[in-house]
Protein chains: 2
Amino acid sequence: MAEIKEELEPFFNPESVAIIGATTRTGAGAFNVMENMISFGYRGEIYPVNPRYDEVLGRKCYKDVKDVEGKVDLALIAVPRHIVPGVVKNCVEKKVSSVIIVSQGFAEVGGEGKKFQDEIVDTAKKAGMRILGPNTLGTHNFFDNFTSSFIPLKKREYEPIGVICQTGLVFAGFPRFKYGKAVDVGGSCDIDPVDVIKYYVEDPEIKQIFVHMEGLRPGRGRAFLEAVREAKGKGKDLLVMKVGETETGRRAIISHTGSLAVEDKVFEGALRQVKVPRVRDYTELQTISHALLKLPKMRGNRLAMLTHHGASGVMAVDAAEEFGLKFAELSEETKKAVQELSPPWLPIGNPIDIWPGLMGGPEKMHKTALKAVLEDKNVDGVLLSIHIADYSPWPIGTYGHIEALRELAPQYDKPVIVVPIGTEQEGTRRSLEEVKNVVVLDSIRDAVKAFSALTSHEF
Amino acid sequence: MAEIKEELEPFFNPESVAIIGATTRTGAGAFNVMENMISFGYRGEIYPVNPRYDEVLGRKCYKDVKDVEGKVDLALIAVPRHIVPGVVKNCVEKKVSSVIIVSQGFAEVGGEGKKFQDEIVDTAKKAGMRILGPNTLGTHNFFDNFTSSFIPLKKREYEPIGVICQTGLVFAGFPRFKYGKAVDVGGSCDIDPVDVIKYYVEDPEIKQIFVHMEGLRPGRGRAFLEAVREAKGKGKDLLVMKVGETETGRRAIISHTGSLAVEDKVFEGALRQVKVPRVRDYTELQTISHALLKLPKMRGNRLAMLTHHGASGVMAVDAAEEFGLKFAELSEETKKAVQELSPPWLPIGNPIDIWPGLMGGPEKMHKTALKAVLEDKNVDGVLLSIHIADYSPWPIGTYGHIEALRELAPQYDKPVIVVPIGTEQEGTRRSLEEVKNVVVLDSIRDAVKAFSALTSHEF
């Protein structure tokens, strides 16, 4: 397995790069890879290759990759498709072992394109060369300041997340999803999502792996499941977004990547088997990823919910059934603690309606109820739904829940998700950002799905 | 029908209010209705009623509602539940025709509570009194500065939206969903969602109605559908969130409101019949509501999509199948216009991959493709998925899509939804906020669901 780490490392962190098809156009709209690479902070050697120029961005430009004097760790090919097969052969002669093909118009469009691709794959295979693409923006690595993207990027903060996409859209990023490394596998004529999962498994900097998939090459299903099992065995979380859920979606995939679209039900079943959460859009991805990074895992699937409204309780009950969670049978101690602060006529169930009890003092109720469910051995995770508006003249902390969470949540090894129903979501999020074992999400369904992701591991 | 407008008007905009159970406690955590009402700008008469005080907030306090000299347009009852039946009788004697019962612990908890409620309903029915509640925060009206809520609220901007909830959580508001009037029907012992739909239908200030439902009283299903049809006939849009989708969810409802939870499939079928979009969480509500307020309706269900990535195209194709939309057969003119700017090997389908063509000049491609689909008679709505990051050093308008949208979208009577995949969502939203016929949403699924809501009307 360590082999794959060495093989793929030049794609993420090369010592030297040849840019075949380098351009002298710069600035907005120029899509100049070399310019982006330099401004992103790449410190290795860059060799521009283009027979039309003697110099690109102040560096010597070569007619052919074979003319480069030094070693080429990675070659980036961005030339019209019919030239690519010849360029790949030149790379083999130059003993380049890692190639990114940015160019489009190969197997995904059929005909001539398919022929070009077959020729490239054949050349590479014989030479032991690894290819990323075609039709890819390549890689992007915040840890080591490398990007191969022709879309310019700035540095930002990052988390220990590795991303694998069958699309370049990840290079625009997603709000609140700050991955550290990303690869667009494009047409996957060689390197595919399975290879990159294995690479990330061996990468000590990566704790969470997100895979956007449209399909896999025939026969790679088993390898995919094995790679997932290995990742989980090493304590890495996985998240998968598999598109092409419908028959028309599958047909759209075939025209997009040319890769075989997996029968969706088969794939869904396989993901369940290896307990990997499937996300359905980018907003959901951000939510689940954040919960997995910040929260402890659940020991079982039993939730307790403290709510300011029966309405949110009902939504949570619906969502729990959908996502395979249960509402815990609360211990007698928990029921007693809540009952003591509630009107005598209130039946104490789960979800626990803490609203009537708040009327007698919200700080005490929040603290008492939260402590009770965190200590309750029948409870594996706690959902708190609060009712809070930014157009209330009261400060966010009025109800006492912020203080209660800060004091209690870090003391127990259970995930706590807070859903502020109302307009005061951002302030609540900021108030609880640094609190251990707590995340703030925007909707009840998101919260329950996040809990479900926290149970997706071996108990 | 005009009758219902008169009957319910005192609940939203009373000339005078008696607050039975008024309190002298004020400030954060006091839940003082009278204090809130005054600070919200209510200009009518307020009569505090509480035998324990002579004065509340500087106004004369009455021992009994019957002692009030002036006319009481609306009485708000917030006293322990066992006192409520007697207070309601006093209201009848005082000839109060509109009563809000804030108190909790009635039919929803069964036993004694059920008996109290039956007694109240009986008294009210005989007197021709209308009751809102029990277990309600009442109403909230930004048009006329009235709130009956014991949770304090500040004024904010508002849109012509009327809300009906079987919960008080609407009083915390939802981000980006600025309704103008809201009612919490609570336990619905008398006034129910159907009554309030009819009220909003007669209200010239309301253009959109949102209903959060847990259930209806037996026999009200037909009246509900009739009210919905009438609302749509008068050009008002409806949105429904019906919780209790699952069997456990239904049981949770029964314990929350005591109202009968409708069999979910029956309800779903009925909504389809009257073409009312169903939303599943508050974030979805905001999205669909915004699209309905700002966009023209679709004449048919045929979408065109311009996309920077095949990946978003596949997601849209999946979502279209789920939400009952089709991808249009593009006209020959449209195909030709896009093909001319694309590489010759690119097949022009729908979704239309405009990315390869962008490489030759993004401004021209965006303008040409957008104009083509807006003019295409086979297309009823346009989805534009752009790839844009805030960590790009380029400004948002670099691709030329903002300019193209500003120039072209207002000229055609078709809805255009823009989904900026990437971190630059807020800037894109701001840039297009004022542009007619355009909204910016965060995810492809949301966009397709919004288009589906725009087809939910008679063609």
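What follows is a chat about a predicted model and the reasons behind its labels.

Colleague: Let's start with the overall picture. What are the span and the make-up of chain A?

Modeller: There are 16 helices and 19 strands in chain A, and its C-alpha trace spans about 85 × 45 × 40 Å along the principal axes. Of its 459 residues, 57% count as buried. As for contacts in chain A between residues at least 6 apart in sequence, 73% of them join residues at least 24 apart.

Colleague: Over to chain B. How do you know that the length of H4(B) agrees with that of a helix?

Modeller: H4(B) covers residues 111-127, which is 17 residues. At 1.5 Å a residue they should span 24 Å, and the end C-alpha atoms are 25 Å apart, so the two agree.

Colleague: And why do you say that its buried residues sit on the same side?

Modeller: The buried ones in H4(B) are B:Gly113, B:Phe116, B:Gln117, B:Ile120 and B:Ala124. They cover an arc of only 95° around the axis, so they are on the same side of H4(B). The face turned away from that buried side carries B:Gly111, B:Asp122, B:Lys125 and B:Lys126, which are exposed.

Colleague: What do the buried residues of H4(B) pack against?

Modeller: Helix H3 (84-93) and strand E7 (130-132) of chain B. Just after H4(B), B:Gly128 takes a positive phi of about 70°.

Colleague: Next, strand E18(B). What makes you call it mostly covered?

Modeller: A residue is buried if 20 or more other C-beta atoms lie within 10 Å of its own. In E18(B), residues 416-421, six of the six residues are buried. Both faces are covered: B:Val416, B:Val418 and B:Pro420 are buried on one side, and B:Ile417, B:Val419 and B:Ile421 on the other.

Colleague: How do you know that E18(B) pairs with E17(B) and E19(B)?

Modeller: Two strands pair if there are at least two bridges between them. E17(B), residues 381-387, joins E18(B) over six bridges in the parallel sense. E19(B), residues 438-440, runs parallel to E18(B) with three bridges. Both counts reach the cut-off of two, so both are pairs. B:Val416 shows up in each: its bridge partner is B:Val382, and it stands opposite B:Val438 in E19(B).

Colleague: Which elements make the β-α-β unit there, and what is its hand?

Modeller: E18(B), helix H15 (residues 425-432) of chain B and E19(B) make it, and the unit is right-handed.

Technical notes. Residues numbered from 1 in each chain as written. Chains lettered and ligands numbered in written order. Predicted model: local features only at pLDDT ≥ 70, side-chain atom pairs only at ≥ 80, totals over all residues. Buried ≥ 20, exposed ≤ 12 C-beta atoms within 10 Å, placed from the backbone. Helix = DSSP H or I, 4+ residues; strand = E, 2+ residues; numbered from the N terminus. Right-handed = clockwise from strand over helix to strand, strands pointing away. Expected span 1.5 Å × (residues − 1). Arc of directions from axis to C-beta. Contact = placed C-beta atoms within 7 Å.
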